[in-house]
Amino acid sequence: KKKAHHSMSLQYGAVASGLNKLVLAEHNVGGSSNGMIARGVLDRLDPIPQQKVYAFQQLKVYATYTEEGLVYIAIADEAYQTRGAIYLLRDLESMFLASFGETWREAADTELSFQETFSRTIDQKLKFWNDPRNDKFHEAKEKIKNTKQVLVEDIDHLIARGEKVEDMVERTALLETQAKTYKKEAKKTKAKMWCKQRKMCICGTIIAVVVVGALVAIIIGVAG
């Protein structure tokens with residue numbers, strides 16, 4: 001008799017050979033039909049890397065077909081958080097490959113060939129991801145990761161804005177240079193005009209003196 005499972009929980013986990021369509025290791029804490037459901041999904045999967053989610057009665061079946069030809073399967077209540085099932089599949093994948101590497105291929109043609117060596121690990125991971133505290137912890141980690149991503153994107157936006165600011169600074173510097181050049185030219189023009197006016201004044205003064213001198217001479221000559 002299977003242990004009663006809590007609502008909104010993971011019920012089943014398995015590792016299978018995708019090419020041979022055989023379950024290598026499994027653990028079930030839910031209904032007695034879970035093993036049959038998992039094998040039915042395994043038979044339906046095409047031999048290509050993929051992720052699938054199937055709905056069956058009040059259950060959801062999650063399957064990941066990897067490049068190595070392994071299939072990781074999880075069965076959960078339909079109300080169970082999807083991320084928990086995905087975390088379970090990731091854990092099973094990393095732990096199975098870490099434990100057996102490529103040696104699993106030597107026993108991939110035998111049903112439940114890793115049952116004794118890996119079923120316990122599946123059981124431990126089912127318990128782990130059925131604990132809401134662990135789900136919240138990883139959710140918090142994901143939020144932190146997402147926050148970091150948002151910060152990186154914000155920084156990228158700031159950098160992009162910084163490039164525009166630099167362009168504005170360059171344009172401003174050009175305007176300032178042009179303004180300074182205009183000011184210098186204005187000063188030079190003003191100086192030239194002042195010099196021209198001064199010369200004209202001097203010339204006018206000289207002409208006036210000459211004219212006055214000439215008049216004086218004429219007057220003196222007439223008087224004499």
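Student: What share of the 224 residues in the protein is buried?

Tutor: Buried residues make up 29% of the 224. This is a predicted model.

Student: What makes phenylalanine 118 count as buried?

Tutor: Set its value against the cut-off. Buried means under 20% relative accessible area. Phenylalanine 118 has 1%, so it counts as buried. Phenylalanine 100 has 16%, so it counts as buried too.

Student: Why is lysine 60 called partly exposed?

Tutor: Partly exposed falls between the two limits, under 20% for buried and over 50% for exposed. Lysine 60 has 28% relative accessibility, so partly exposed is the label. Lysine 60 lies in strand E4, residues 59-65.

Student: Which residues does lysine 60 contact, leaving aside its neighbours within four places in sequence?

Tutor: Tyr54, Ala74, Ile75, Ala76 and Glu78. Take Ala76. It is 16 residues from lysine 60 along the chain, yet their C-alpha atoms are separated by 5.4 Å.

Student: How many aromatic pairs does the structure hold?

Tutor: It holds 7.

Student: Why is the pair of phenylalanine 100 and phenylalanine 118 called edge-to-face?

Tutor: Check two values. Ring centres must lie within 6.5 Å, and planes over 60 degrees apart count as edge-to-face. Here the centres are 6.1 Å apart and the planes stand at 65°, so the pair is edge-to-face.

Student: Where in the chain do the two partners sit?

Tutor: Phenylalanine 100 is in helix H2, residues 82-100, and phenylalanine 118 is in helix H3, residues 115-129. They are 18 residues apart, and the pair links distant parts of the chain.

Student: What makes H2 roughly antiparallel to H3?

Tutor: H2 and H3 pack at an angle of about 150°, with their axes 10 Å apart. Angles over 145 degrees count as roughly antiparallel. That makes H2 roughly antiparallel to H3. Their crossing is right-handed.

Student: Which residues meet between H2 and H3?

Tutor: On the H2 side, they include Tyr87, Leu88, Met95 and Phe100. On the H3 side, they include Phe118, Ile122, Lys125 and Trp129.

Student: How do you know that lysine 125 lies over the face of phenylalanine 128?

Tutor: One test is distance: NZ of Lys must be within 6 Å of the ring centre. Lysine 125 is at 4.8 Å from the centre of the phenylalanine 128 ring. The other test is direction, within 35 degrees of the ring normal. Lysine 125 is listed as lying over the face.

Technical notes
Residues numbered from 1 in each chain as written. Predicted model: local features only at pLDDT ≥ 70, side-chain atom pairs only at ≥ 80, totals over all residues. Heavy atoms only, no water. Phe/Tyr/Trp six-rings, centres within 6.5 Å; stacked < 30°, edge-to-face > 60°. Helix = DSSP H or I, 4+ residues; strand = E, 2+ residues; numbered from the N terminus. Buried < 20%, exposed > 50% of the residue type's maximum accessible area, 1.4 Å probe, protein only. Axes fitted to C-alpha atoms, helices over the stretch in contact; angles between N-to-C directions. Parallel < 35°, antiparallel > 145°, perpendicular 65-115°, else oblique. Left-handed = near helix turned anticlockwise from the far one by under 90°. Contact = heavy atoms within 4.5 Å.
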